[in-house]
Amino acid sequence: MSDLDGRIRAEIAASGPMRLDRFWNLALFDPAEGYYTRRDPIGARGDFTTAPEISQMFGELLAAWAFAAWDGLGRPAPFVFAEAGPGRGTLMADMLRTLRQLDPAFLRAARVRLVEVSDRLAAAQAERLARFDLPLRRIRRVGELDEAPLILVANELLDAVAIRQFVFRDGAWRERRVVAADAGGFAFADGAPAPRVPAVLASLPPPAPGAVFEVSPERDALCGTLAGAIGARGGAALLIDYGHARSAHGDTLQALRRHAAASPLDAPGRADITSHVDWEQVARAMAAAAPLSFGLARQGDFLLRMGLRERAGRLGAPMDEQGRQAITAAAHRLAGTGPGEMGALFQVFGAASAPLALPPFAQPPVD
């Protein structure tokens, strides 16, 4: 048993069954033993691989989007160019390299900010981005961003924000809680009938016994803060994650360890815990903070509209057959929309202070 296991068990013994969001935050962000505090989670030696690690094309196309958004908003100067949850800095490195080539005016006007809670990852980002010789600054929260127009990109950020779960049992919604299992480890237990439940449940079909509904007050607060900044100062945000277009019943809690599925309650601090993003709720939370324009598209459709096919062709043109095949495989991995493929599992959500004639705003909504 790790020290974190013991501390969680002690808190449950002292205070009773633990809410899922409290367990989640301890497992991922505990200062001493949290998953993001002590581990390098990304890549072959970690637990998962993100789109920027698959191909430079992903960052190049997001850079083209950021430039087009800045241009469409009237080229404000100065403005903040931020990435929230920058991982190892791979995506920001690809974006900065591309933006420098597209138009140096973008970076001359930009204040580059990295929103990162992990000191370990922040150190890796600083090392990765030092070669750009730009006045980059790390902050810990979106609410700490400079008061200036904002262009923000976040890839796989919202899925890491803690959720709460309610389960429909015996005719009532009950909040799921975490208890210490007799044989060691942790297990779920249903709480008493909840005195208050999310208002959106009233608009959904009647739940079947055992139905689960997920909410994330922390995610709502983060999105509201971001929307408030964009609404007050102007700007746009691109949020990329796996999720669902409409609020619905469903249990999406999951964990990954060494690139394989794991139990979210096993080995806290040693596995990545995530859930699917409810994009309809993201839009509700943002709209409550500011009147913005929104768009949503599948990742595959978005990347193709942004020129993935053409970029892959140019990148592969000087290569031999093996190199071209590798580029084609990476493009398909990013944009394939078959069952279980990344281009369909991931969605791209856009929010802007003014209508923008670029994806995902100019695309049909996700079904």
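The answer below treats the aromatic pairs, then a strand pairing, then the cavities.

Analyst: This is a predicted model, in which local features need pLDDT of at least 70, side-chain atom pairs count only at pLDDT 80 or more, and totals for chains, interfaces and linings use all residues. Residues are numbered from 1 along each chain as its sequence is written, and side-chain values use heavy atoms, with hydrogens and water left out.

Across the whole structure, 13 aromatic pairs are found. Rings of Phe, Tyr and Trp (its six-membered ring) pair if their centres lie within 6.5 Å; planes under 30 degrees apart are stacked, those over 60 edge-to-face, and the rest tilted. One of these pairs joins Tyr242 and Phe346, whose ring centres are 5.3 Å apart with planes at 90 degrees, so the arrangement is edge-to-face. Tyr242 belongs to strand β10 (residues 235–244) and Phe346 to strand β16 (residues 346–352), so this contact ties together parts that are 104 residues apart in sequence. Helices (H or I, at least four residues) and strands (E, at least two) are DSSP runs, numbered from the N terminus. Tyr242 is buried at a relative accessible area of 12%, and Phe346 is buried at 9%. Here buried means under 20% relative accessible area, exposed over 50%, and partly exposed in between (1.4 Å probe, protein chains only).

Strand β16 also contributes Phe349, which pairs with Trp279 of helix α10 (residues 279–289) and so ties together parts that are 70 residues apart in sequence. The rings of Trp279 and Phe349 are stacked, with 5.4 Å from centre to centre and 10 degrees between the planes. Both partners are buried: Trp279 has a relative accessible area of 1%, and Phe349 has 3%. Elsewhere, ring pairs link Phe67, Trp70, Phe79, Phe81 and Phe106 into a cluster.

Strand β6 (residues 164–169) has 5 of its 6 residues buried, so it is largely enclosed by the rest of the structure. Two strands pair if DSSP finds at least two bridges between them. β6 runs antiparallel to strand β9 (residues 212–215), joined by 4 bridges, with Gln165 partnered by Glu214 of β9. Strand β7 (residues 172–180) is likewise antiparallel to β6 and joined to it by 4 bridges, and Arg169 stands opposite Ala172 of β7. β6 and β7 form a hairpin with 2 residues between them, where Asp170 in the turn has a positive phi of about 55 degrees.

A cavity is a set of points, on a 1 Å grid over the protein atoms alone, where a 1.4 Å probe fits but cannot get out; lining residues have an atom within 4 Å of a point. Grid points are joined across faces, edges and corners, and a volume is the space filled by probe spheres set on the points. The largest cavity has a volume of about 50 Å³, and its lining includes Ala84, Val142, Cys223 and Leu239. Helix α9 (residues 217–233) gives the most to this lining, with 3 residues. The second largest cavity holds about 30 Å³, with Ala27, Ser263, Asp266 and Gly269 among its lining residues.

Methods: 1 Å grid on protein atoms, 1.4 Å probe; cavity = no way out; pocket = protein on both sides within 12 Å on 5 of 7 lines; lining within 4 Å.
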